[in-house]
Number of protein chains: 4
Amino acid sequence: MENKLNVVAFAGSLREQSLHKMLVNAAKELAPDNMNIEHLDISNVPLFNADLETDGFPAPVEAFRNKVAASDGIILAVPEYNGSMPGVLKNAIDWLSRGGLLAKRPSITMGGSPGALGGTKAQEHMRQSMMHLGMYVMPRPTIAIPQMGNKFTDGKLVDEATRGFVAQQLQEFGIWISRFN
Amino acid sequence: MENKLNVVAFAGSLREQSLHKMLVNAAKELAPDNMNIEHLDISNVPLFNADLETDGFPAPVEAFRNKVAASDGIILAVPEYNGSMPGVLKNAIDWLSRGGLLAKRPSITMGGSPGALGGTKAQEHMRQSMMHLGMYVMPRPTIAIPQMGNKFTDGKLVDEATRGFVAQQLQEFGIWISRFN
Amino acid sequence: MENKLNVVAFAGSLREQSLHKMLVNAAKELAPDNMNIEHLDISNVPLFNADLETDGFPAPVEAFRNKVAASDGIILAVPEYNGSMPGVLKNAIDWLSRGGLLAKRPSITMGGSPGALGGTKAQEHMRQSMMHLGMYVMPRPTIAIPQMGNKFTDGKLVDEATRGFVAQQLQEFGIWISRFN
Amino acid sequence: MENKLNVVAFAGSLREQSLHKMLVNAAKELAPDNMNIEHLDISNVPLFNADLETDGFPAPVEAFRNKVAASDGIILAVPEYNGSMPGVLKNAIDWLSRGGLLAKRPSITMGGSPGALGGTKAQEHMRQSMMHLGMYVMPRPTIAIPQMGNKFTDGKLVDEATRGFVAQQLQEFGIWISRFN
């Protein structure tokens, strides 16, 4: 459908079997009918260096930025690394932020942790940075999944309660996006 | 002198003319007599990916970690990117954190911003992550330099007040380190 | 005018000559034509204690909550006390939060500090708590006033640049509120 | 014993059946032999108002400050109210902070939440404020208790794992305090 909401999503972990990549895939499956979610790969986005900008963005950055520029909304799947967001995820944001590209873009975060506490510290930092950039961060509902490893089987989100939370957040996100059109 | 304190420092910006690299150089010059500060280059530390660890750390990471492992203390020069620490700096920490390497290491942050507010948001996030890792972060004095660009000439910190603040922080840091020996 | 936006504002400092009370008064004066700002006094809101709720809210809390319940938007003037928001301001929020009263309410923060750094740590914490509550916090523009004491004369905001920033934030806030109607 | 460590503790909740008051009582019981913990009541500490200081601190504040001034270390039991520390707890800190009373004091936080996530947001904010004040916050181990209500029976901490965590943190705190003597 040409008038579906065009949402992009990316995960803050680069490893092959990343739970947060699986979470993005779950979001793709659980999105409401009027929303299409595209999973963007950030593994080839280089380390940010302002000197690299002088002749234009590196090709993988340019492609990444174009996807975001054309989107109606952004989903960040945020693992917790050392009590904050992963460097690789913040690095992707640092490239995207140039020229005000992220300002006023509707957005949400979701995430979890293998432990008991759900990785909320990471999402808190990520959301502060997003607010600083003027992104329209939907405040609630939030997704913080404890014991995240137990919720997936063969790469698929199988925990019914968590599936419900993700579906509900995405439903609300569709409404949130529509407020800014 | 064989019994000088061996402190390592690195900056969260990769560009050639980085003000935070200049700040590390100023710290080297302003360190007390009993402290030697080595400036570590993080530009060749790759994006963190847990899959890369399976056969041992990549060579630049291994070298970087060895320097930190042999140190008595750590200085982070923290620019503010988008209301938080740079992705490249957090990425370096994500590599260093593996195996508990950073726990119980005395450490400080310093930084500034070109604008009026001194980049305190970045240092706040950095310090939260460092505390999470169990690092012994010296709480005060802190260095948050507003209008940072005006404080350097030809790569050298020339603002006398700022030089005094940095020298004082390093003096206190030497005492702080000695508490944990 | 019956269809003006009805905005309430309160300051996180109780002292008579509070700069943040003066800032609220400046906001009243600088509000756009379609917005009326009422300055609420929080000095008689008691310390939060859940035991006090069992027979209904204390009278000053009830009156305060009624004002907020009837509002179209909320402005918090946030001083920085000890690197965070004042206890008295958070205490007021703790009372207001009961029963979900604050969820989905459009809101902004503004503030400053006598020193160089503008008190941004306080607003960061306040905004995190507001987002946690599901408030619709306008991300930008923000107001962080350094050397705040120099910007007021005889209780009046006289610094022209700061007056412009406040007027612009309020203008944008009116648009932000309208997105959620 | 005259040379026991003299530690003071207070909880951020005023209600009679506060879980965090119970947690302080558990800490009293689980303290190592060389540490005495005194539970301070903050219910009569008034709302902070700088105007009240002009003729000296109010009597309950003066008494509270004297206890802290005579202590070797400070324990804060931190509930999470609305994604941050309670206003009443921050208010107590705002009074204690005057005149630099808190600087360089060894300290820890502990806390939990009735829900799954352990109330870490509250302790993060509290620790940032404490670091800002120059307090010597022990970084690890931390205590964040999920499903806190299930861990107590008749006012007593009965969960063995949690008892072990608290005892271990206090043991480490004793060592931490000794570093600063």
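Since the model is predicted, local features need pLDDT of at least 70 and side-chain atom pairs count only at pLDDT 80 or more, while totals for chains, interfaces and linings use all residues. Residues are numbered from 1 along each chain as its sequence is written, chains are lettered from A and ligands numbered from 1 in the order in which they are written, and side-chain values use heavy atoms, with hydrogens and water left out.

Let's start where chain A meets chain B. Each side brings 30 residues to the contact, where contact means heavy atoms within 4.5 Å. About 2400 Å² gets buried between chain A and chain B, with 55% of it on carbon and sulfur atoms; buried area here is the accessible area (1.4 Å probe) that two parts lose on being put together, summed over both. On the chain A side, Leu47(A), Asn82(A) and His132(A) supply 27% of the area that chain A buries against chain B, more than any other three residues.

As for secondary structure, helix H3 (87-96) and helix H4 (120-132) of chain A each put at least two residues into the side that touches chain B. Helices (H or I, at least four residues) and strands (E, at least two) are DSSP runs, numbered from the N terminus. H3(A) gives the most, with six residues. By class, this side of chain A has eleven nonpolar, twelve polar and seven charged residues. The nonpolar class is Ala, Val, Leu, Ile, Met, Phe, Trp, Tyr, Cys and Pro, the charged one is Asp, Glu, Lys and Arg, and the others, Gly among them, are polar.

Now over to chain C against chain A. This contact takes 15 residues from each chain and buries about 1500 Å², of which carbon and sulfur atoms give 55%. Gln128(C), Met131(C) and Arg179(C) supply 38% of what chain C buries here, more than any other three residues. The rule finds zero salt bridges between chain C and chain A, and five residue pairs are in polar contact (both at pLDDT 80 or more). Helix H4 (120-132) and strand E5 (136-137) of chain C give two or more residues each, and H4(C) has the largest share, five residues.

Finally, look inside chain C. The axes of helix H2 (residues 59-69) and helix H3 (residues 87-96) of chain C come within 10 Å and cross at roughly 80°. H2(C) and H3(C) are therefore roughly perpendicular to each other, a label for angles of 65 to 115 degrees (under 35 is roughly parallel, over 145 roughly antiparallel, the rest oblique). Axes are lines fitted to C-alpha atoms, for helices over the stretch in contact, and angles run from 0 to 180 degrees between N-to-C directions. Val61(C), Phe64(C), Arg65(C) and Val68(C) in H2(C) meet Ala92(C), Trp95(C) and Leu96(C) in H3(C).

In chain B, helix H2 (residues 59-69) and helix H3 (residues 87-97) pack at about 75°, with their axes 10 Å apart.

Conventions: Salt bridge = Lys/Arg side-chain N within 4 Å of Asp/Glu carboxyl O. Polar contact = N/O pair within 3.5 Å; in protein donor to acceptor, adjacent residues only side chain to side chain.
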